[in-house]
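Please view the sequence and the model together with the points below.

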Amino acid sequence: MAFKLLFSSILFLAIVKNSIAGGIAIYWGQNGNEATLNDTCNSGRYAYVNLAFLNKFGNGQTPEINLAGHCNPAVNGCTIVGPEIKHCQKSGVKVMLSIGGGVGNYSLASKKDAKDVARYLWNNFLGGRSSFRPLGNAILDGIDFDIELGSPLHYKDLAKYLKNYSKRGRKMYLTAAPQCPFPDRLLGTALNSKLFDNVWIQFYNNPPCQFTPNNTDNLKNSWVRWTTSVKAKRIFLGLPAAPQAAGSGFIPADVLTEEILPAIKKSRKYGGVMLWSKFWDEQSGYSAAIVKSV
């Protein structure tokens, strides 16, 4: 009897562990009408929050962060976000700075340029020191690469230089948001480097590898290719949080939880779901509908 009880307890713990293995990553910052960072983290639905975006860097430019209507960095106005970052971290949420985005002026001209950008990110947003830190003295958990414009050159170098700073103590996470066509045109080389912890793939605005009504095969096949090819520790399914959040690729919550998640969870690299964005998630209630299944 004791053996049966012990076996049953182990089995139960294994089931519980598997059932909570995934988390939700959310992009926050590109709509001033979305909830505050504090409220975002207080919801308890998100494991990662990506601050979007640092959309100007490289080629000798002074980098600039753009958090839309939340604050104005030009007048040092985004330091108000710092205490909220700390609040999120105390709540167990990892807060990343996402660099790039669909609109901006960024690229890396050389290895030296990559090294300079890495140093800037370390000193201004991570564990380094600077006379002016746009988000105050909060130390972010890492850098997210959402590279959608320009050249693919030197992002592997940037990742390597950033990862070297992790050796100074506190772990720094590197994440990326490539498009689902494999390999990603801009991040393919960087993603082969084994330097990234999480990769949340954008399975939207790319019909050949995304969900379309009555067809889950393209997405599932693309998922298998990514999870068997990319050397990141965890892979996330990136989705629009509402039909209006992207041109295509929205998956109704019931289809996601009943048809797609059970299939993709078979991969040992499954990490969860990434959503664009916090504003659209508030309009649709998408994360609340799926969080127990993720």
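The chain exposes about 13600 Å², of which carbon and sulfur atoms supply 54%; accessible areas come from the Shrake-Rupley method with a 1.4 Å probe, and for residues only the protein chains shown count as cover. This is a predicted model, in which local features need pLDDT of at least 70, side-chain atom pairs count only at pLDDT 80 or more, and totals for chains, interfaces and linings use all residues. Residues are numbered from 1 along each chain as its sequence is written, and side-chain values use heavy atoms, with hydrogens and water left out.

**Confidence**
- The mean pLDDT (the predictor's confidence in each residue, from 0 to 100) is 93 for the chain, and 93% of its residues reach 70 or more.
- Where pLDDT is low, the predicted coordinates should not be read in detail.

**Overall fold**
- The chain contains 10 helices and 10 strands, taken as DSSP runs (H or I, at least four residues, for helices; E, at least two, for strands) and numbered from the N terminus.
- Of the 294 residues, 51% count as buried, where buried means under 20% relative accessible area, exposed over 50% and partly exposed in between (1.4 Å probe, protein chains only).

**Salt bridges**
- The chain has 8 salt bridges, each a side-chain nitrogen of Lys or Arg within 4 Å of a carboxyl oxygen of Asp or Glu.
- Aspartate 197 and lysine 233 form one of them, at 3.1 Å from N to O.
- Aspartate 197 lies in the loop between α6 (188–191) and β8 (198–202) and lysine 233 in the loop between α7 (217–229) and β9 (234–240), so the pair ties together parts 36 residues apart in sequence.
- Aspartate 197 is buried, with a relative accessible area of 3%, whereas lysine 233 is exposed, at 51%.
- Lys163, Lys171, Asp197 and Lys233 are linked in a salt-bridge network.
- Within helix α4, lysine 112 and aspartate 116 are 4 residues apart, about one turn of the helix, and their closest N and O atoms are 2.9 Å apart in a salt bridge.
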